[in-house]
Amino acid sequence: MSRTALAWSVAGLLAAMLLPWYALQEGLDSGAWLGGLWSSEDYGSGFAEVLAQGKWWLSPALLALMGCFGLSLLPIPRERRGTCLAFVAGAGVVLFAAQAWGIGLRGWTAGWLTALFGEMESRQVGIGAGAAVALIALLSLLSIGLALRGAFGGDAFVAGAVTAVATSILLFTAWPILRILLQAFQNGDGAFEPALVIERLSAAKIWSLRCLSGSGRCGVAWNTLFLAVACGAGTTALGLAFALIVTRTSFRFKKTLRVLTVLPIVTPPFVIGLALILIFGRSGLVNQLLEWSLGVPPTRWIYGFQGVLLAQLFAFTPVAFLVLIGVVEGVSPTLEEASQTLRADAWTTFATVSLPLMRPGLANAFLVGFIESIADFGNPIVLGGDYGVLSTEIYFAVVGAQLDYGHAAALALLLLVLALGAFFLQRRVVGGRSYATISGKGDAGLPVPLPKGARRWALSVALPWATFTVLLYGFAFMGGLVKVWGRDYTPTLDHYIKAFAIERSASGLIWSGAAWNSFWTTVTLAAIAAPLTALLGLLAAWLLVRQRFVGRAALEFATMLSFAVPGTVIGVAYVFAFNIPPIEITGTALIIVICFVFRNMPVGVRAGIAAMSQIDRSLDEASATLRGRAPQTLIHVVLPLLRPAMVGALVYGFVRAVTTVSAVVFLVTAEYELATTYIILRVINGDYGLAIAYSSALIALMLAAILLIQLAVGDRRLGRRAAQLQGSRA
């Protein structure tokens, strides 16, 4: 560890000396050491003189790196070295953060700092490469120091992983959300008034229960809660039905069913709502058919609770399936065979052995469905009608005529409370019991077929839903193959040609279609974000399940923060937090990638936690007995057993990066236009044919990406015998 500490100290010092400390446009050859701490003519000046002339507040971070460099060379005992490293590096991190947030574009960022130190003529822009590497070095040295003192079992890798995950979540999830939530306690002039949040949250529009007596509408808080519970329960039941059919029956079209299961997740969010309107809307096919055949006047029944719930079930069932598929596969056949040996019938075995072992997956699937529902605004905005929810109220508060950030922040705070309640309920349901079914022992049991009742239930739920999915997407795709849906059904490819035309010239191919620019930008950024999302999510899951450290429960909830807040709030929060120093990245591709990663990471975390709960700790202990270190155990033992969760995290990370709308609508620029924002503009302009054609191309792209991810990651091999499962041979 001393050598590693020495290497990080040298890396931090070299970065501070050779890379721009600030985000300078001039680049590395500008001669701006420490981002302007001294200029090219100051190279020969003494350090003290330079600090006196320039930005003296940068010295603590540099001095901390120098101190860690010296401590790495001194011949002192391990524990004392760790204590000193942790103290010096920790002080450097604290002072780095203090100067970064304390000094901005106009000097001191707070009045009490001005009163304490006096007026400051100089200014400070956002950090650059030098400051970023120096901060990473200080954090690494802090984790090494903690490991040397015996924290995290004395394992530097675990200490570094906890530090990296916690710091990244703090910077890119907790800080932006805290920044926007503070608006709930501030008045229009920015003054702090805690009583305002009570006033903003006590309105009758939020808590009214008049709908129960039939004398009015329920408040948006109750609407959100009712919808979320129904969505969580429905998506969990549907996801379980599909997972059981795919893993425990011999249904002939399992692969087709699996594709249909994940199809809604690769669809831009408004396409499902648009398809439902085309079928069930007032001018939809069903209403027209009922009026023509039975004389039933057209209705608007699709708008409201039932329409939003139907759209959310379509949109979020794939997420529940991705969480549950690995858990269902992980149930040990040996335990089921043991139950049958004790003369339990198939249904008793399923109800008392198999299903209880799936409890972590069921609880996590419900949690994800619940939180997805409360944070969703795309479906309620299209199909909600008079049924208001918190996410739409937040959206109108942010982008509407009122432009009331305080009201939006108060409602976002209420959403966090709902998410926190669901989170603790999930932990209570799962409890502290062990659900491990994958161990180092041989497990050659035969997978037990589903009992007839469970198989019939799964097929009766999944097959009609799959059929409805085919019809829904069939009508949606037809909208891109006719001139004008509802008026002119003449077949045409004009919409596809307009979007994806390619011309040949003397210099080569020209991507002349109107959609190509946003298409390539979206694919590139999603391809960068997806592996980072999966890596960070599964690493966090491994830490939360396998390690014991102070603040583990807080870190677990923090991983869900970005999931519980509507995308519009996340987008506005990122603009608030990263449009000014110390991290100025608004308008860049980097902020879009970061938003993708931390917005989508929670699904990888929940899938990883659910799957890892089934892996016995004896495998880790066996690796440690053979002198395998933590990273070796993680890479060679744990990750191969997490392939279903890895596929789920990669698939979700990629497709949600391609299809997300609300979280990035405030972050895109003309240079970095995304596919979904381009499609939304087409919908606003009434060009539904082009929008659906573009969406169809994205769906084809993402289905191909899912297949490639599955082939690249592969299947989990548990060394079990295969059996001819009983089931439908349709």
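Buried means under 20% relative accessible area, exposed means over 50%, and partly exposed lies in between (1.4 Å probe, protein chains only).

This is a predicted model, where local features need pLDDT of at least 70, side-chain atom pairs count only at pLDDT 80 or more, and totals for chains, interfaces and linings use all residues. Residues are numbered from 1 along each chain as its sequence is written, and side-chain values use heavy atoms, with hydrogens and water left out.

**Exercise 1. Ala-408**

Decide whether Ala-408 is buried or exposed, then list its contacts beyond four places in sequence.

Solution. 
- Locate Ala-408: the residue is found in helix α20 (residues 405-430). Helices (H or I, at least four residues) and strands (E, at least two) are DSSP runs, numbered from the N terminus.
- Apply the cut-off: Ala-408 has 4% relative accessibility, so it counts as buried.
- List the contacts (heavy atoms within 4.5 Å): leaving aside neighbours within four places, Ala-408 touches Ile-394, Ala-397 and Val-398.

**Exercise 2. Helix lengths**

Check the spans of α6 and α3 at 1.5 Å a residue.

Solution. 
- Recall the rule: the expected span is 1.5 Å times one less than the number of residues.
- Take α6 (residues 129-148): its 20 residues should span 28 Å, and the end C-alpha atoms are 29 Å apart, which agrees.
- Take α3 (residues 59-73): its 15 residues should span 21 Å, and the end C-alpha atoms are 22 Å apart, which agrees.
- Among the buried residues of α3 are Leu-62, Leu-65 and Cys-68.
- Look just past α6: Gly-150 takes a positive phi of about 105°.

**Exercise 3. A helix pair**

Describe how α30 and α32 pack.

Solution. 
- Read the geometry: α30 (residues 643-659) and α32 (residues 688-713) pack at about 155°, with axes 10 Å apart. Axes are lines fitted to C-alpha atoms, for helices over the stretch in contact, and angles run from 0 to 180 degrees between N-to-C directions.
- Classify the angle: α30 and α32 are therefore roughly antiparallel (over 145 degrees; under 35 is roughly parallel, 65 to 115 roughly perpendicular, the rest oblique).
- Name the residues: those of α30 that meet α32 include Leu-650 and Phe-654, and their counterparts in α32 include Met-702 and Ile-706.
- Sort them: the contact of α30 with α32 has 13 nonpolar residues, two polar and one charged. Ala, Val, Leu, Ile, Met, Phe, Trp, Tyr, Cys and Pro count as nonpolar, Asp, Glu, Lys and Arg as charged, and the others, Gly among them, as polar.
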